[in-house]
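Visitor: Please take one kind of contact and look at it closely with me. Then lead me from there to the rest of the model.

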Amino acid sequence: MGLIDEIGERLDALVRDLESSLQGARSDDDVRARAARIVGKKGELTALEKRIREVPPEDRRELGRRINEAKARADRIVEARLAALRAEARRRELEGPALDVTLPGRPRRIGSLHPVRQCEEELLDALQALGFEVADGPEIETTAFNFWKLGFAPDHPATCMQDSFYLRDDVLLRTHTSPIQVREMLSHPPPVRIAAPGTVYRRDDDVTHSPMFHQIEGLLVDEDVTFADMKGILTLFVRRVFGPDTPVRLRPSYFPFTEPSGEIDIGCLICSGRKVGCRVCKGTGWLEVGGCGMVHPVVFENVGYDPERFSGFAFGMGVDRIAMLRFGIGDIRLLYENDVRFLRQF
Amino acid sequence: MRISANWLRSLTQIDVPVDELAERLTRAGVEVEAVERVGEGLDRIVVGAVKSCRPHPERDKLVIVEVDDGTATRTVVCGAPNVPRPPGRVALALEGARVPRRGLPGVVGDLVVARRRFAGIESDGMICSEAELGIGPDAEGILVLDDGAGKPPTQDPSLAPGQPLAQALHLVDHILVLGLTPNRGDCLGHTGVAREVSALFGRPWVPPEPSAPQRADVRRIDEVVSVAVEDAERCPRYAAAAVVSLTIAPSPFWLRYRLFTLGIRPISNVVDVTNLVLLEFGQPLHAFDLDRLAGPRIVVRRARPAETMQTLDGIGRQLTDDDLLICDAQGPVAIAGVMGGAGSEIGPSTKRVLIECAHFEPRGILRTARRLGLHTDSSHRFERGVDPNGVPLALAHAASLMTWLGEGAALPGLIDVYPRPIAPRTLRLRPGRLSKVLGSPVDSTQAASILERLGCTVASRGDDLDVTVPTSRSDISREIDLVEEVARVRGYEAIPTRYPSIRTGPPTPRAYPFRQRARHTLAALGLDEAVSYSFVSPRDLEAFRLPPVALPLSNPLSEERSVMRTSLLPGLCRAVARARRVREERVRLFEVGRVFLGWEKPGAATPAREKLWAALVMAGPRDAYLERAAEVDFFDAKGLAIELCRDLTGVAPSIRLCSEVDRLPWLHPRSACVIEAAQKVVGRVGELHPDVIESLDLGGPVAVVEADLDALRTVRGERRFAPLPRFPAVSRDVALLVDESVRAADITRVVGASSGELLESIELFDVYRGEQIPPGKKSLALSIRYRAADRTLTDAEVDSLHATVLGGLVDDLGGQPR
Ligand SMILES: [Zn+2]
């Protein structure tokens with residue numbers, strides 16, 4: 001047995017020693033330390049490598065090959081052991097006790113939108129989808145725009161229907177969104193197709209009336225617009241907002257600025273028309289949600305449109321009432337108290 | 001307006017179920033808000049005939065009554081003072097009857113009649129008052145039945161003992177409660193509703209015939225009283241009749257019951273008759289005691305300046321020359337169309353009555369009633385328009401009823417001052433117009449027939465119709481009104497539903513999308529949306545040291561809500577105070593709404609200067625996790641202000657201390673800042689001034705942001721794509737000890753100046769004061785990132801650049817690297 005074989009056996013022995021030594025290693029560092037004793041700079045295998053000069057030149061090549069092979073085996077053993085330790089650690093980590101997932105999540109609170117404004121937005125979305133553009137106007141309005149141009153006669157009982165907040169004899173807080181119609185028609189020629197949301201004011205304060213509340217009004221004026229068109233648009237609008245099967249009914253009524261005029265009733269959302277014992281619709285099966293009508297010729301005359309050529313319709317809804325219905329809010333005053341416990345619910 | 005279904009049926013001869021009637025009226029625009037059933041539930045309550053009445057042996061106030069119940073005689077103990085003499089008829093509740101007691105104040109629940117002993121005498125049943133039965137207001141004595149004219153019954157078979165009371169007195173009725181729109185004054189009387197019902201059910205309408213008086217006096221009315229109308233404009237018609245030799249007495253039960261169920265308190269035969277005629281024809285009447293009218297003479301004139309009078313309700317009224325008065329030879333006896341005077345009121349001893357039936361101009365009545373705060377059955381009707389030509393019928397009817405019920409005699413003749421009779425209007429209706437408005441062809445014959453049923457006269461004129469409208473319908477004055485009548489009576493369900501195609505005009509810039517975006521951004525930033533009243537208390541503005549430029553309301557509901565807000569903060573801070581009161585610590589609120597800054601110049605598009613603002617308030621602890629967090633401060637608000645502006649405009653705003661702190665007196669002077677974007681001031685941010693917090697009881701620091709949305713909307717930051725970097729960045733950390741006076745902006749400026757284009761960002765990640773840091777100093781830790789757009793920076797390059805940067809910090813800011 002020549003020197004080369006002796007060294008070869010020693011190499012094999014070192015690799016075996018490494019393998020058995022690593023079985024006892026419990027951490028990555030331990031594995032590396034134990035490996036270093038054999039394959040490190042000062043390790044035994046490295047020391048053996050230096051003995052290559054002792055073998056005859058014709059064997060050196062063979063010895064070199066054996067040394068490299070032994071190093072490669074040692075590396076694989078180290079890698080395998082490290083992998084085994086990692087697998088072991090992962091297994092332990094996965095098998096540990098469950099987190100207390102009942103602790104709260106880290107707070108990332110999104111804010112809320114006011115219930116009235118939410119409903120306003122829904123109604124406007126529906127109207128915009130029907131081609132209406134959103135318009136607005138001042139909240140402090142002249143009596144001319146708020147009443148007279150809309151055909152309210154001075155001293156007519158209709159002006160008594162809405163006892164108003166005045167700032168001057170001829171200036172008041174608008175009592176409805178209808179002056180926006182007048183402003184729009186005065187500033188634009190037909191066709192007009194607007195939705196006008198807004199805050200409005202009346203001198204009332206009790207469980208069902210707030211001195212400030214919200215309306216949305218629609219106005220469509222063009223040539224050849226008829227009552228039948230109004231029924232169509234209102235049906236589409238109501239069904240977009242309240243659901244595709246909602247029954248809609250128009251019932252004759254009176255407003256100074258439309259004629260013929262109607263109230264818009266929808267099938268009761270609470271009892272779905274079963275009526276009996278329903279407090280919301282008082283057993284009628286219908287809920288009044290707004291008013292509508294064909295624009296009165298006198299309004300067209302007041303804004304300089306030719307009533308023989310143009311026709312149109314307007315409709316309006318109280319947003320607060322719809323919000324109260326939708327969210328089941330019983331007292332209108334809650335809407336404007338801004339109690340954070342109330343606001344956070346929406 | 002309350003309408004009796006029984007009365008309506010007798011006027012129209014139309015007998016349909018009441019639900020169908022209500023439904024049909026509602027669908028025609030005469031809304032039936034409710035249907036009340038009256039006179040029901042009176043089982044085991046029968047007509048009883050008194051056979052005898054004797055005092056109770058032991059109790060002064062009680063009597064023992066023998067009553068015939070139709071089959072037997074019962075002994076009933078009764079406490080009423082008005083038991084009629086035999087064979088008087090009373091309402092007898094038999095054992096087991098439930099007496100509703102609805103008319104008795106403070107009594108709740110039925111009384112079940114049982115045999116009961118009263119001081120030794122057993123009572124078998126109960127004799128009831130109308131209040132106990134819920135069929136009248138009188139609780140003083142028992143109900144004594146009459147013959148229909150107020151006399152004891154004779155041989156009236158319907159009052160035979162034992163008859164159910166409800167049947168004998170025709171108590172069962174339905175009351176339709178109408179919610180009338182103000183244009184339908186014609187439906188404020190039963191005949192008006194009857195005409196409407198006839199039209200709706202397609203039956204001809206026959207108005208009631210004028211009735212003749214029971215007896216007449218010898219003298220003519222114009223020999224007894226004279227009438228002069230000085231203001232024919234305000235009083236186009238004044239008619240009067242007189243009834244003499246009257247006896248004032250309670251009305252018969254049927255009349256009292258009719259008034260009671262229709263909501264009017266019965267008083268006496270004469271007054272009740274005027275009210276009955278009011279309910280029948282919608283025509284207000286007034287009855288004067290003729291013996292208390294000086295002259296007797298009636299003068300209709302305007303009030304003199306500073307004239308006063310006392311009305312029936314005992315209140316002294318201050319009048320103006322816009323008020324119309326009815327006067328006698330001495331002075332005012334009534335405010336025309338509104339309320340009578342106390343001096344000429346009908347009383348128990350009245351013998352001679354002058355019945356006024358007039359037509360007054362609606363707007364004048366409205367002004368007077370509004371000014372005096374007097375809303376009466378009469379003013380309500382005159383305001384809405386009463387038929388001037390219905391006067392004679394109503395007057396004749398009233399006089400005739402008074403001669404019957406008061407056993408009086410009418411003075412022949414009639415005073416009727418009507419110098420310019422009001423003629424029915426004739427309007428042209430083009431059938432084409434009808435179709436054009438409604439959107440479907442309407443048969444002109446059908447239209448004519450509907451209008452005729454409503455009382456119009458229709459004549460053809462070529463294709464068009466000439467429609468003469470009865471004077472009871474003063475609301476019909478234009479062609480479009482006729483269109484509405486036809487549409488209404490046909491029913492809106494007869495009009496087809498069509499979906500119009502969309503034709504839009506040129507686009508107009510609108511504020512709405514911007515407002516919505518602001519609201520959604522603020523909510524996304526974790527704030528809850530509030531909506532506050534637009535009017536606040538002047539003290540709120542004072543507390544915020546806001547200038548008193550506010551617009552005050554002339555007629556506020558209360559001082560608390562009497563001026564228009566000039567800032568959104570008072571409303572939001574009220575909510576903060578409210579949250580504190582209910583122990584809600586964490587408050588994050590915003591509002592988007594108008595503020596009102598003063599009057600516009602004359603001729604401006606709007607009367608006042610209105611601006612759209614957004615504001616937010618934060619109070620209480622910052623969001624923290626499993627630890628107690630510090631209270632929010634200026635920097636929370638600043639962070640939100642920047643994010644809001646950046647999102648709305650695409651431009652990062654600059655926030656700088658307000659140089660003139662006096663201009664933001666509600667903010668803490670050490671951090672009161674303005675927000676600027678594109679060289680415009682677009683808002684302000686800060687913490688509330690401690691004095692404001694104290695005066696409003698806010699209980700702790702409040703950080704606020706206010707953003708002028710109208711101004712922000714004009715800032716157009718362009719959102720342009722910037723190419724992604726192709727070469728890596730290199731970061732270097734720096735720890736630096738600097739004077740307290742060195743501001744974050746100084747660091748940015750110096751680093752920027754010394755690194756030029758290669759600087760990508762500076763992040764300040766720690767500010768430390770305390771141990772190992774000398775007083776007056778602070779330690780800053782920064783992370784600086786460098787990047788070149790066109791190459792990978794080498795280590796050597798970065799080292800040298802960073803050294804320059806450090807050198808700059810040391811030289812310019814006196815910093816000491818640590
Ligand atoms: Zn219902």
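Guide: Start with a definition: a salt bridge is a side-chain nitrogen of Lys or Arg within 4 Å of a carboxyl oxygen of Asp or Glu. In general, side chains of opposite charge can pair when their charged atoms come close. Keep in mind that this is a predicted model. Over all chains, the structure holds 97 salt bridges.

Take a pair in chain A. The side chains of A:R66 and A:D5 form a salt bridge, with 3.4 Å from N to O. That value passes the test, because the cut-off is 4 Å. The pair links distant parts of the chain. A:R66 sits in helix α4, residues 57–94. A:D5 sits in helix α1, residues 3–23.

Now move to chain B. B:R317 pairs with B:D313 in a salt bridge, and the closest N and O atoms are 2.8 Å apart. B:R317 counts as buried because its relative accessibility is 10%, and buried means under 20%. B:D313 counts as partly exposed, at 36%.

Another salt bridge joins B:R791 and B:E797. Here the closest N and O atoms are 2.3 Å apart. B:R791 is partly exposed at 31% relative accessibility. B:E797 is partly exposed too, at 27%.

Salt bridges can also join into a network. In chain B, one network links B:R184, B:D186, B:E196, B:R473, B:D475, B:E485 and B:R488.

Next, step back to the domains. Chain A is divided into domain 1 (3–95) and domain 2 (116–343). Their C-alpha centres are 89 Å apart.

A pair of residues in chain B gives another distance. B:G343 and B:R515 are 172 residues apart in sequence, and their C-alpha atoms are 63 Å apart in space. B:G343 lies in the loop between β21 (339–340) and β22 (353–359) of chain B. It is partly exposed, at 48% relative accessibility.

Back to chain A for a metal site. The zinc ion is held by the SG atoms of A:C268, A:C271, A:C278 and A:C281, at 2.2 Å. In sequence, these donors follow the spacing C-x2-C-x6-C-x2-C. A:C271 and A:C281 are 10 residues apart, and each is in the loop between β8 (258–267) and β9 (286–295) of chain A. A:C271 is buried, at 6% relative accessibility. A:C281 is buried, at 4%. What is the geometry of the site? It is tetrahedral, with angles of 103 to 114 degrees among the 4 donor atoms. For comparison, the ideal angle for four tetrahedral donors is 109.5 degrees.

A:V280 lies in the loop between β8 and β9 of chain A. It counts as partly exposed, because its relative accessibility is 37%. Together with A:L269 and A:I270, A:V280 makes a nonpolar surface patch of about 220 Å².

Finish with the backbone of chain B. The peptide bond from B:P86 to B:P87 is cis, with omega near 0 degrees. B:P87 is in the loop between β5 (73–78) and β6 (89–93). The bond from B:G295 to B:P296 is also cis, with omega near -15 degrees. B:P296 is in the loop between β15 (286–289) and β16 (297–302).

Then check phi. B:A678 has phi near 50 degrees, a positive value in a residue other than glycine. B:Q679 has a positive phi too, near 65 degrees. B:A678 lies in the loop between β34 (673–677) and β35 (680–687) of chain B, and B:Q679 lies in the loop between β34 and β35. B:A678 is partly exposed, at 42%. B:Q679 is exposed, at 79%.

Definitions and conventions
Residues numbered from 1 in each chain as written. Chains lettered and ligands numbered in written order. Predicted model: local features only at pLDDT ≥ 70, side-chain atom pairs only at ≥ 80, totals over all residues. Heavy atoms only, no water. Donors = N, O, S within 2.8 Å, 3.2 Å for Na, K, Ca; no water. Tetrahedral: all angles 85-135°; square planar, octahedral: opposite > 155°, others 65-115°. Helix = DSSP H or I, 4+ residues; strand = E, 2+ residues; numbered from the N terminus. Buried < 20%, exposed > 50% of the residue type's maximum accessible area, 1.4 Å probe, protein only. Patch = residues over 30% accessible without salt bridge, like charges linked within 9 Å, V, L, I, M, F, W, Y side chains within 5 Å. Areas by Shrake-Rupley, 256 points an atom, 1.4 Å probe, with all protein chains shown as cover. Domains from an automatic or database assignment.
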